[in-house]
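This report looks at charged side chains that pair up in a protein chain. Keep the structure open while reading.

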Amino acid sequence: MEPRLVGPGPYRATRLWNEIIELFRAGMPLRKHRCRFKSYERCFKASEAVDCLHELLGSNQNFGPEVTRNQTVKLLKKFLKNHVIEDIKGRWGKEDFQDDGHLYRFPPSSPLKPYPKKSSCGKEVIKFPDWNEPKAGTSQEHIPVKSVTMNSEMWYKRHSIAIGEVPACKLVVRRELTQTNIEEIWKSMTLSRLQKVLGLDSLDEVLDTKLVNSKHIVQNAYNVNKQGIVTLEDKSKELPHWILSAMKCLANWPSCSDLRQPTYSGFERDVFKTIVDYFGQMKEPLLTFHFFDVFVSVLGLLQKHSKAIEALQISCLLLPPENRKRLQLLVRMMARISFNKDLPPLSDSVRTRTLMVQAFSRCILCSKDEMDLDELLASKLVSFLMDNYQEILSVPSTLKSSIEEHVVHVQRVQIKYAGADTDATFPPPSFCHQISTDEFENQRATGSQEPLAALLEEIAMNKEISVKDKKKKLKQFQKSYPEVYRVRFPTPETEAVLFPEKTKQKPPVLMWAFKKPFQPFHRTRSFRM
(Lines give C-alpha, C1' and ligand atoms only; values in the text may rest on other atoms or scores of the structure.)
Protein backbone atom coordinates (compact mmCIF):
# COMPACT_ATOMS: atom_id res chain seq x y z
CA MET A 1 0.00 0.00 0.00
CA GLU A 2 1.46 3.33 -1.08
CA PRO A 3 1.26 6.29 1.35
CA ARG A 4 -0.81 9.24 0.16
CA LEU A 5 -0.94 12.86 1.17
CA VAL A 6 -3.92 13.62 3.38
CA GLY A 7 -5.04 17.11 2.40
CA PRO A 8 -6.89 19.74 4.41
CA GLY A 9 -10.50 19.20 5.37
CA PRO A 10 -12.74 17.86 8.11
CA TYR A 11 -11.60 14.98 10.35
CA ARG A 12 -8.03 15.16 9.05
CA ALA A 13 -6.61 13.78 12.31
CA THR A 14 -8.94 10.77 12.09
CA ARG A 15 -8.06 10.22 8.44
CA LEU A 16 -4.34 10.33 9.29
CA TRP A 17 -4.85 7.85 12.15
CA ASN A 18 -6.58 5.36 9.86
CA GLU A 19 -3.98 5.94 7.14
CA ILE A 20 -1.08 5.11 9.49
CA ILE A 21 -2.81 2.01 10.85
CA GLU A 22 -3.45 0.66 7.35
CA LEU A 23 0.16 1.30 6.31
CA PHE A 24 1.51 -0.26 9.51
CA ARG A 25 -0.62 -3.38 9.21
CA ALA A 26 0.36 -3.76 5.54
CA GLY A 27 4.08 -3.12 6.07
CA MET A 28 4.85 -4.85 9.37
CA PRO A 29 6.56 -8.22 8.77
CA LEU A 30 4.89 -11.09 10.67
CA ARG A 31 6.66 -14.33 11.46
CA LYS A 32 6.93 -17.13 13.96
CA HIS A 33 8.52 -16.36 17.35
CA ARG A 34 9.31 -18.41 20.43
CA CYS A 35 8.74 -17.22 23.98
CA ARG A 36 9.22 -19.35 27.08
CA PHE A 37 9.43 -22.63 25.20
CA LYS A 38 6.28 -21.82 23.23
CA SER A 39 5.89 -20.81 19.58
CA TYR A 40 3.58 -18.01 18.37
CA GLU A 41 2.57 -17.55 14.75
CA ARG A 42 2.19 -14.22 12.90
CA CYS A 43 3.59 -11.92 15.58
CA PHE A 44 6.43 -9.41 15.98
CA LYS A 45 8.82 -8.06 18.60
CA ALA A 46 8.26 -4.63 20.11
CA SER A 47 11.63 -3.37 18.84
CA GLU A 48 10.77 -4.61 15.34
CA ALA A 49 7.49 -2.67 15.48
CA VAL A 50 9.39 0.46 16.50
CA ASP A 51 11.85 0.04 13.61
CA CYS A 52 9.09 -0.51 11.06
CA LEU A 53 6.78 2.30 12.21
CA HIS A 54 9.64 4.78 12.62
CA GLU A 55 10.79 4.16 9.06
CA LEU A 56 7.21 4.37 7.82
CA LEU A 57 6.55 7.72 9.52
CA GLY A 58 9.86 9.18 8.40
CA SER A 59 9.16 8.40 4.73
CA ASN A 60 5.54 9.58 4.91
CA GLN A 61 5.11 13.14 3.62
CA ASN A 62 2.32 13.74 6.16
CA PHE A 63 4.89 13.52 8.98
CA GLY A 64 8.45 13.62 7.64
CA PRO A 65 11.94 12.59 8.75
CA GLU A 66 11.89 14.68 11.95
CA VAL A 67 9.80 12.06 13.75
CA THR A 68 11.96 10.62 16.55
CA ARG A 69 12.15 7.05 17.80
CA ASN A 70 10.79 8.19 21.15
CA GLN A 71 7.71 9.64 19.44
CA THR A 72 7.26 6.37 17.59
CA VAL A 73 7.26 4.46 20.90
CA LYS A 74 4.61 6.85 22.26
CA LEU A 75 2.44 6.23 19.18
CA LEU A 76 2.76 2.44 19.64
CA LYS A 77 1.64 2.88 23.24
CA LYS A 78 -1.51 4.54 21.90
CA PHE A 79 -1.88 1.67 19.42
CA LEU A 80 -1.85 -0.76 22.34
CA LYS A 81 -4.32 1.32 24.31
CA ASN A 82 -6.74 1.53 21.36
CA HIS A 83 -6.41 -2.18 20.48
CA VAL A 84 -4.57 -1.57 17.21
CA ILE A 85 -2.12 -4.16 18.57
CA GLU A 86 -2.24 -6.61 21.49
CA ASP A 87 0.26 -8.80 23.24
CA ILE A 88 0.46 -12.49 22.42
CA LYS A 89 -1.91 -13.26 25.31
CA GLY A 90 -4.57 -10.91 23.93
CA ARG A 91 -4.07 -8.14 26.50
CA TRP A 92 -4.50 -4.46 25.55
CA GLY A 93 -5.90 -1.19 26.95
CA LYS A 94 -2.79 0.07 28.79
CA GLU A 95 0.09 2.21 27.58
CA ASP A 96 2.80 -0.14 28.87
CA PHE A 97 4.50 -0.71 25.50
CA GLN A 98 8.30 -0.65 25.68
CA ASP A 99 11.04 -0.72 23.04
CA ASP A 100 12.15 -4.25 23.92
CA GLY A 101 11.72 -7.89 22.93
CA HIS A 102 8.12 -8.46 24.05
CA LEU A 103 5.87 -10.07 21.45
CA TYR A 104 2.77 -8.44 19.95
CA ARG A 105 0.28 -9.20 17.21
CA PHE A 106 -2.59 -7.58 15.31
CA PRO A 107 -6.15 -8.32 16.50
CA PRO A 108 -8.57 -9.84 13.99
CA SER A 109 -11.10 -7.00 14.31
CA SER A 110 -10.71 -3.70 12.43
CA PRO A 111 -9.05 -1.02 14.58
CA LEU A 112 -9.99 1.89 12.30
CA LYS A 113 -11.83 4.82 13.82
CA PRO A 114 -15.26 5.85 12.49
CA TYR A 115 -15.73 9.42 11.32
CA PRO A 116 -17.77 11.66 13.63
CA LYS A 117 -21.34 12.30 12.59
CA LYS A 118 -22.15 15.74 11.28
CA SER A 119 -24.08 17.95 13.63
CA SER A 120 -27.74 18.41 12.82
CA CYS A 121 -27.51 22.21 13.00
CA GLY A 122 -27.47 24.04 9.73
CA LYS A 123 -24.33 25.49 8.25
CA GLU A 124 -23.57 29.10 9.03
CA VAL A 125 -22.96 31.01 5.84
CA ILE A 126 -20.18 33.58 5.96
CA LYS A 127 -22.38 36.58 5.28
CA PHE A 128 -21.30 40.09 4.43
CA PRO A 129 -22.91 42.62 6.80
CA ASP A 130 -25.60 44.71 5.10
CA TRP A 131 -26.24 48.23 6.38
CA ASN A 132 -29.00 49.02 3.87
CA GLU A 133 -31.58 46.50 5.03
CA PRO A 134 -35.16 47.83 4.95
CA LYS A 135 -36.95 48.72 8.13
CA ALA A 136 -39.07 46.14 9.89
CA GLY A 137 -42.46 45.69 8.26
CA THR A 138 -41.33 46.48 4.72
CA SER A 139 -40.41 43.81 2.21
CA GLN A 140 -38.60 44.39 -1.07
CA GLU A 141 -39.06 40.92 -2.50
CA HIS A 142 -42.29 41.66 -4.38
CA ILE A 143 -41.75 45.32 -5.30
CA PRO A 144 -42.25 45.62 -9.07
CA VAL A 145 -39.38 47.38 -10.82
CA LYS A 146 -40.43 49.15 -14.01
CA SER A 147 -38.01 50.30 -16.67
CA VAL A 148 -38.16 53.92 -17.75
CA THR A 149 -37.64 54.68 -21.44
CA MET A 150 -35.49 57.74 -22.04
CA ASN A 151 -34.56 59.62 -25.19
CA SER A 152 -31.11 58.37 -26.12
CA GLU A 153 -30.17 61.59 -27.90
CA MET A 154 -30.74 63.65 -24.77
CA TRP A 155 -28.83 61.07 -22.74
CA TYR A 156 -25.98 61.24 -25.23
CA LYS A 157 -25.76 65.02 -24.96
CA ARG A 158 -25.61 64.88 -21.20
CA HIS A 159 -23.34 61.88 -20.71
CA SER A 160 -21.56 61.41 -24.04
CA ILE A 161 -22.84 57.83 -24.41
CA ALA A 162 -26.11 56.51 -25.79
CA ILE A 163 -27.37 53.68 -23.62
CA GLY A 164 -31.00 53.52 -24.68
CA GLU A 165 -33.39 52.27 -22.04
CA VAL A 166 -32.34 53.03 -18.48
CA PRO A 167 -33.86 51.14 -15.54
CA ALA A 168 -35.13 52.96 -12.51
CA CYS A 169 -32.38 53.62 -10.03
CA LYS A 170 -31.32 55.97 -7.28
CA LEU A 171 -28.21 57.33 -5.63
CA VAL A 172 -27.27 55.26 -2.61
CA VAL A 173 -25.49 57.22 0.09
CA ARG A 174 -23.84 54.86 2.59
CA ARG A 175 -24.04 55.89 6.18
CA GLU A 176 -20.81 56.18 8.12
CA LEU A 177 -19.42 52.79 9.14
CA THR A 178 -19.06 52.17 12.85
CA GLN A 179 -16.12 50.34 14.39
CA THR A 180 -18.37 47.30 14.79
CA ASN A 181 -19.21 47.38 11.07
CA ILE A 182 -15.52 47.49 10.14
CA GLU A 183 -14.71 44.62 12.50
CA GLU A 184 -17.47 42.50 10.93
CA ILE A 185 -16.06 43.22 7.46
CA TRP A 186 -12.65 42.05 8.66
CA LYS A 187 -14.11 38.85 10.08
CA SER A 188 -16.22 38.08 7.02
CA MET A 189 -13.48 38.66 4.45
CA THR A 190 -10.79 36.95 6.55
CA LEU A 191 -12.84 33.77 6.94
CA SER A 192 -13.80 33.82 3.26
CA ARG A 193 -10.14 34.01 2.29
CA LEU A 194 -9.19 31.21 4.70
CA GLN A 195 -11.91 28.99 3.24
CA LYS A 196 -10.62 29.66 -0.28
CA VAL A 197 -6.97 28.95 0.61
CA LEU A 198 -7.88 25.69 2.33
CA GLY A 199 -9.99 24.71 -0.69
CA LEU A 200 -13.05 23.84 1.42
CA ASP A 201 -16.72 24.20 0.53
CA SER A 202 -17.39 25.30 4.10
CA LEU A 203 -15.46 26.02 7.28
CA ASP A 204 -18.15 24.40 9.43
CA GLU A 205 -16.32 21.09 9.76
CA VAL A 206 -13.06 22.65 10.96
CA LEU A 207 -14.17 25.83 12.72
CA ASP A 208 -17.10 27.26 14.61
CA THR A 209 -17.19 30.75 13.11
CA LYS A 210 -19.32 32.04 16.00
CA LEU A 211 -16.28 31.66 18.25
CA VAL A 212 -14.15 33.92 16.05
CA ASN A 213 -13.84 37.32 17.70
CA SER A 214 -13.74 40.11 15.10
CA LYS A 215 -12.08 42.49 17.59
CA HIS A 216 -9.11 40.13 17.90
CA ILE A 217 -8.55 40.15 14.14
CA VAL A 218 -8.50 43.95 13.94
CA GLN A 219 -6.23 44.29 17.01
CA ASN A 220 -3.77 41.75 15.61
CA ALA A 221 -3.72 43.58 12.27
CA TYR A 222 -3.15 47.12 13.55
CA ASN A 223 -1.79 47.05 17.13
CA VAL A 224 1.79 46.04 16.33
CA ASN A 225 5.21 47.53 17.05
CA LYS A 226 8.11 48.07 14.66
CA GLN A 227 9.16 44.42 14.96
CA GLY A 228 5.64 43.24 14.07
CA ILE A 229 4.92 42.03 17.63
CA VAL A 230 1.39 42.59 18.91
CA THR A 231 0.97 45.34 21.52
CA LEU A 232 -1.63 44.53 24.15
CA GLU A 233 -4.19 47.02 25.43
CA ASP A 234 -4.56 45.07 28.68
CA LYS A 235 -1.08 45.12 30.23
CA SER A 236 -2.10 42.55 32.86
CA LYS A 237 -2.00 39.89 30.13
CA GLU A 238 1.66 40.50 29.31
CA LEU A 239 4.28 37.85 30.04
CA PRO A 240 5.94 38.27 33.46
CA HIS A 241 9.14 40.28 33.36
CA TRP A 242 11.22 37.44 34.74
CA ILE A 243 10.14 35.01 32.01
CA LEU A 244 10.80 37.64 29.32
CA SER A 245 14.29 38.14 30.76
CA ALA A 246 14.92 34.39 30.67
CA MET A 247 13.75 34.14 27.05
CA LYS A 248 15.91 37.09 25.99
CA CYS A 249 18.87 35.53 27.77
CA LEU A 250 18.78 32.33 25.72
CA ALA A 251 17.70 34.03 22.49
CA ASN A 252 20.63 36.49 22.64
CA TRP A 253 23.21 34.21 24.24
CA PRO A 254 25.94 35.00 25.24
CA SER A 255 24.79 38.67 25.40
CA CYS A 256 22.46 38.45 28.41
CA SER A 257 21.86 42.14 28.96
CA ASP A 258 18.92 41.61 31.34
CA LEU A 259 20.78 39.28 33.67
CA ARG A 260 23.32 40.90 35.98
CA GLN A 261 24.00 37.92 38.22
CA PRO A 262 27.02 35.77 37.36
CA THR A 263 26.42 32.55 35.44
CA TYR A 264 27.65 29.10 36.39
CA SER A 265 28.15 25.78 34.67
CA GLY A 266 24.74 24.53 33.51
CA PHE A 267 23.16 27.95 34.01
CA GLU A 268 21.65 27.96 30.50
CA ARG A 269 19.96 24.60 31.12
CA ASP A 270 18.33 25.86 34.30
CA VAL A 271 17.07 28.95 32.45
CA PHE A 272 15.67 26.75 29.68
CA LYS A 273 13.94 24.49 32.21
CA THR A 274 12.34 27.54 33.81
CA ILE A 275 10.88 28.62 30.45
CA VAL A 276 9.64 25.10 29.67
CA ASP A 277 7.95 24.81 33.06
CA TYR A 278 6.19 28.16 32.66
CA PHE A 279 4.70 27.37 29.25
CA GLY A 280 4.00 23.78 30.24
CA GLN A 281 1.63 24.77 33.06
CA MET A 282 -0.74 26.70 30.76
CA LYS A 283 -4.31 25.37 30.79
CA GLU A 284 -4.80 25.92 27.05
CA PRO A 285 -2.29 25.83 24.16
CA LEU A 286 -1.34 29.06 22.42
CA LEU A 287 -3.25 28.10 19.27
CA THR A 288 -6.30 27.40 21.50
CA PHE A 289 -8.56 24.35 21.52
CA HIS A 290 -11.13 26.04 19.24
CA PHE A 291 -8.70 26.35 16.34
CA PHE A 292 -7.11 22.88 16.60
CA ASP A 293 -8.91 21.46 13.55
CA VAL A 294 -8.04 24.53 11.48
CA PHE A 295 -4.31 24.18 12.09
CA VAL A 296 -4.44 20.42 11.53
CA SER A 297 -6.11 21.11 8.17
CA VAL A 298 -3.37 23.58 7.27
CA LEU A 299 -0.81 20.78 7.74
CA GLY A 300 -2.24 19.21 4.59
CA LEU A 301 -0.91 22.15 2.58
CA LEU A 302 2.73 21.98 3.66
CA GLN A 303 3.71 20.54 0.28
CA LYS A 304 2.41 23.79 -1.27
CA HIS A 305 4.69 26.18 0.56
CA SER A 306 3.12 29.53 -0.39
CA LYS A 307 -0.42 28.34 0.33
CA ALA A 308 0.63 26.90 3.68
CA ILE A 309 2.26 30.22 4.62
CA GLU A 310 -0.87 32.20 3.73
CA ALA A 311 -3.19 29.76 5.50
CA LEU A 312 -1.12 29.95 8.69
CA GLN A 313 -0.90 33.75 8.44
CA ILE A 314 -4.69 34.02 8.35
CA SER A 315 -5.25 31.34 10.99
CA CYS A 316 -2.85 33.03 13.44
CA LEU A 317 -4.70 36.30 12.84
CA LEU A 318 -7.77 34.75 14.51
CA LEU A 319 -5.97 34.16 17.82
CA PRO A 320 -6.55 36.29 20.93
CA PRO A 321 -3.91 39.08 20.91
CA GLU A 322 -2.22 37.81 24.10
CA ASN A 323 -1.88 34.32 22.58
CA ARG A 324 -0.52 35.71 19.32
CA LYS A 325 2.09 37.80 21.15
CA ARG A 326 3.27 34.87 23.27
CA LEU A 327 3.46 32.68 20.18
CA GLN A 328 5.54 35.32 18.37
CA LEU A 329 7.99 35.67 21.25
CA LEU A 330 8.23 31.92 21.91
CA VAL A 331 8.76 30.78 18.32
CA ARG A 332 11.28 33.56 17.70
CA MET A 333 13.23 32.41 20.77
CA MET A 334 13.08 28.77 19.64
CA ALA A 335 14.39 29.64 16.17
CA ARG A 336 17.24 31.74 17.53
CA ILE A 337 18.28 29.07 20.01
CA SER A 338 18.26 26.42 17.27
CA PHE A 339 20.66 28.42 15.08
CA ASN A 340 22.86 29.80 17.89
CA LYS A 341 26.19 28.01 17.68
CA ASP A 342 27.54 29.89 20.70
CA LEU A 343 24.92 28.44 23.02
CA PRO A 344 26.11 25.30 24.87
CA PRO A 345 24.02 22.15 24.26
CA LEU A 346 20.86 22.10 26.34
CA SER A 347 20.73 18.29 26.32
CA ASP A 348 23.32 15.54 26.18
CA SER A 349 21.22 13.16 24.08
CA VAL A 350 18.97 15.32 21.88
CA ARG A 351 19.87 17.90 19.26
CA THR A 352 18.90 21.46 20.14
CA ARG A 353 16.33 21.82 17.34
CA THR A 354 14.67 18.52 18.22
CA LEU A 355 14.66 19.54 21.88
CA MET A 356 12.85 22.79 21.02
CA VAL A 357 10.14 20.89 19.15
CA GLN A 358 9.69 18.29 21.88
CA ALA A 359 9.66 20.83 24.72
CA PHE A 360 7.15 23.32 23.29
CA SER A 361 5.01 21.52 20.71
CA ARG A 362 2.31 20.56 23.20
CA CYS A 363 1.98 24.07 24.63
CA ILE A 364 1.54 25.39 21.08
CA LEU A 365 -0.91 22.85 19.63
CA CYS A 366 -3.04 20.11 21.21
CA SER A 367 -6.70 19.16 21.30
CA LYS A 368 -9.07 19.49 24.25
CA ASP A 369 -9.94 15.80 24.06
CA GLU A 370 -6.63 13.96 23.93
CA MET A 371 -6.07 12.61 20.43
CA ASP A 372 -3.71 9.88 19.38
CA LEU A 373 -1.71 11.90 16.85
CA ASP A 374 -1.50 15.15 18.83
CA GLU A 375 2.24 15.01 19.40
CA LEU A 376 3.17 14.09 15.82
CA LEU A 377 0.89 16.73 14.31
CA ALA A 378 2.11 19.40 16.73
CA SER A 379 5.75 18.53 16.01
CA LYS A 380 5.15 18.88 12.26
CA LEU A 381 3.49 22.26 12.67
CA VAL A 382 6.05 23.64 15.14
CA SER A 383 8.95 22.65 12.87
CA PHE A 384 7.32 24.54 9.99
CA LEU A 385 6.66 27.52 12.26
CA MET A 386 10.30 27.70 13.34
CA ASP A 387 11.53 27.68 9.75
CA ASN A 388 9.08 30.35 8.54
CA TYR A 389 8.07 32.30 11.65
CA GLN A 390 8.88 35.75 10.24
CA GLU A 391 6.41 35.33 7.37
CA ILE A 392 3.76 33.34 9.21
CA LEU A 393 3.52 35.64 12.24
CA SER A 394 3.33 38.85 10.19
CA VAL A 395 0.10 40.52 9.07
CA PRO A 396 -0.89 39.30 5.55
CA SER A 397 -0.46 42.50 3.52
CA THR A 398 -2.59 41.38 0.57
CA LEU A 399 -5.57 40.57 2.77
CA LYS A 400 -5.17 43.80 4.74
CA SER A 401 -5.07 46.03 1.65
CA SER A 402 -8.05 44.30 0.02
CA ILE A 403 -10.17 44.74 3.16
CA GLU A 404 -9.17 48.40 3.51
CA GLU A 405 -10.07 49.03 -0.14
CA HIS A 406 -13.42 47.36 0.38
CA VAL A 407 -14.17 49.49 3.45
CA VAL A 408 -13.52 52.61 1.37
CA HIS A 409 -15.67 51.22 -1.44
CA VAL A 410 -18.77 50.61 0.67
CA GLN A 411 -18.71 54.19 1.95
CA ARG A 412 -18.81 55.78 -1.50
CA VAL A 413 -21.93 57.29 -3.06
CA GLN A 414 -23.15 54.77 -5.64
CA ILE A 415 -25.92 54.37 -8.20
CA LYS A 416 -28.05 51.26 -7.67
CA TYR A 417 -29.92 49.77 -10.62
CA ALA A 418 -32.75 47.29 -10.42
CA GLY A 419 -31.42 43.75 -10.30
CA ALA A 420 -27.78 44.86 -9.93
CA ASP A 421 -25.62 44.22 -6.91
CA THR A 422 -23.29 47.06 -6.03
CA ASP A 423 -21.36 44.88 -3.58
CA ALA A 424 -20.11 42.44 -6.18
CA THR A 425 -17.87 40.69 -3.69
CA PHE A 426 -20.83 38.97 -2.06
CA PRO A 427 -23.45 37.02 -3.98
CA PRO A 428 -26.83 37.93 -2.39
CA PRO A 429 -28.60 40.37 -4.78
CA SER A 430 -30.17 43.64 -3.66
CA PHE A 431 -32.83 45.74 -5.42
CA CYS A 432 -33.67 49.43 -5.63
CA HIS A 433 -36.75 51.10 -4.31
CA GLN A 434 -39.10 52.01 -7.12
CA ILE A 435 -39.22 55.77 -7.80
CA SER A 436 -41.09 57.98 -10.22
CA THR A 437 -39.57 59.30 -13.43
CA ASP A 438 -39.62 62.87 -12.15
CA GLU A 439 -37.80 61.87 -8.97
CA PHE A 440 -35.25 59.97 -10.98
CA GLU A 441 -34.65 62.98 -13.26
CA ASN A 442 -34.27 65.21 -10.22
CA GLN A 443 -31.77 62.85 -8.55
CA ARG A 444 -29.79 62.46 -11.74
CA ALA A 445 -29.65 66.21 -12.33
CA THR A 446 -28.69 67.16 -8.78
CA GLY A 447 -26.24 64.31 -8.50
CA SER A 448 -24.35 65.44 -11.61
CA GLN A 449 -24.23 69.19 -10.76
CA GLU A 450 -20.97 69.10 -8.82
CA PRO A 451 -18.85 67.14 -11.33
CA LEU A 452 -20.23 69.23 -14.21
CA ALA A 453 -19.47 72.46 -12.36
CA ALA A 454 -15.94 71.19 -11.69
CA LEU A 455 -15.53 70.35 -15.39
CA LEU A 456 -16.70 73.85 -16.41
CA GLU A 457 -14.30 75.45 -13.95
CA GLU A 458 -11.46 73.38 -15.33
CA ILE A 459 -12.22 74.54 -18.87
CA ALA A 460 -12.50 78.15 -17.79
CA MET A 461 -9.24 78.19 -15.81
CA ASN A 462 -7.17 76.16 -18.27
CA LYS A 463 -4.38 78.38 -19.56
CA GLU A 464 -2.86 75.76 -21.81
CA ILE A 465 -5.56 75.87 -24.49
CA SER A 466 -5.92 78.72 -26.95
CA VAL A 467 -8.61 81.38 -26.65
CA LYS A 468 -10.29 80.05 -29.76
CA ASP A 469 -10.52 76.51 -28.40
CA LYS A 470 -11.66 77.73 -24.99
CA LYS A 471 -14.51 79.73 -26.52
CA LYS A 472 -15.51 76.72 -28.60
CA LYS A 473 -15.58 74.38 -25.59
CA LEU A 474 -17.52 76.88 -23.48
CA LYS A 475 -20.07 77.29 -26.24
CA GLN A 476 -20.55 73.50 -26.46
CA PHE A 477 -20.89 73.26 -22.69
CA GLN A 478 -23.44 76.09 -22.61
CA LYS A 479 -25.51 74.33 -25.26
CA SER A 480 -25.51 70.97 -23.43
CA TYR A 481 -25.77 72.20 -19.83
CA PRO A 482 -27.34 75.68 -19.85
CA GLU A 483 -28.32 75.58 -16.16
CA VAL A 484 -24.84 74.76 -14.92
CA TYR A 485 -23.35 77.33 -17.28
CA ARG A 486 -25.78 80.01 -16.09
CA VAL A 487 -24.75 79.46 -12.45
CA ARG A 488 -21.07 80.01 -13.30
CA PHE A 489 -21.61 82.85 -15.79
CA PRO A 490 -24.88 84.61 -14.85
CA THR A 491 -24.11 87.70 -16.97
CA PRO A 492 -22.12 88.40 -20.13
CA GLU A 493 -19.76 90.50 -18.03
CA THR A 494 -18.70 87.50 -15.91
CA GLU A 495 -17.92 85.60 -19.08
CA ALA A 496 -16.04 88.54 -20.58
CA VAL A 497 -13.64 88.47 -17.65
CA LEU A 498 -12.10 85.32 -19.13
CA PHE A 499 -11.30 87.13 -22.35
CA PRO A 500 -10.02 90.65 -21.58
CA GLU A 501 -9.64 92.84 -24.64
CA LYS A 502 -6.09 93.70 -25.47
CA THR A 503 -5.55 97.43 -26.33
CA LYS A 504 -3.35 97.73 -29.39
CA GLN A 505 -0.71 100.43 -29.04
CA LYS A 506 0.07 102.31 -32.24
CA PRO A 507 3.74 102.73 -32.94
CA PRO A 508 5.06 106.32 -32.56
CA VAL A 509 5.08 108.35 -35.71
CA LEU A 510 8.57 109.20 -36.79
CA MET A 511 8.77 112.62 -38.48
CA TRP A 512 11.71 111.73 -40.57
CA ALA A 513 9.75 109.00 -42.25
CA PHE A 514 7.54 111.53 -43.98
CA LYS A 515 10.36 113.92 -45.12
CA LYS A 516 11.84 113.67 -48.50
CA PRO A 517 15.48 112.97 -48.78
CA PHE A 518 17.64 116.06 -48.27
CA GLN A 519 18.14 117.95 -51.45
CA PRO A 520 20.47 120.94 -51.97
CA PHE A 521 18.76 124.33 -52.23
CA HIS A 522 18.47 125.63 -55.77
CA ARG A 523 17.92 129.28 -56.30
CA THR A 524 15.51 129.98 -59.06
CA ARG A 525 15.11 133.05 -61.05
CA SER A 526 11.82 134.71 -61.49
CA PHE A 527 11.05 136.17 -64.85
CA ARG A 528 8.74 138.94 -65.22
CA MET A 529 6.62 139.06 -68.17
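The sections below describe salt bridges in this predicted model.

## Overview

The model contains 17 salt bridges.

## Arg353 and Glu66

Arg353 pairs with Glu66 in a salt bridge whose closest N and O atoms are 3.3 Å apart.

Arg353 has a relative accessibility of 15%, so it counts as buried, the cut-off being under 20%. Glu66, at 42%, is partly exposed.

In the salt bridge between Arg69 and Asp99, the closest N and O atoms are 2.9 Å apart. This pair links distant parts of the chain: Arg69 is in helix H3, and Asp99 is in the loop between strand S3 (86–87) and strand S4 (103–105), 30 residues apart.

Both residues are partly exposed: Arg69 has a relative accessible area of 31%, and Asp99 has one of 34%. Salt bridges with shared partners join Asp51, Arg69 and Asp99 into one network.

## Lys215 and Glu183

Lys215 forms a salt bridge with Glu183, and their closest N and O atoms are 3.5 Å apart.

Lys215 is partly exposed at 44% relative accessibility, whereas Glu183 is buried at 7%.

Notes. Residues are numbered from 1 along each chain as its sequence is written. This is a predicted model: local features need pLDDT of at least 70, side-chain atom pairs count only at pLDDT 80 or more; totals for chains, interfaces and linings use all residues. Side-chain values use heavy atoms; hydrogens and water are left out. A salt bridge is a side-chain nitrogen of Lys or Arg within 4 Å of a carboxyl oxygen of Asp or Glu. Buried means under 20% relative accessible area, exposed over 50%, partly exposed in between (1.4 Å probe, protein chains only). Helices (H or I, at least four residues) and strands (E, at least two) are DSSP runs, numbered from the N terminus.
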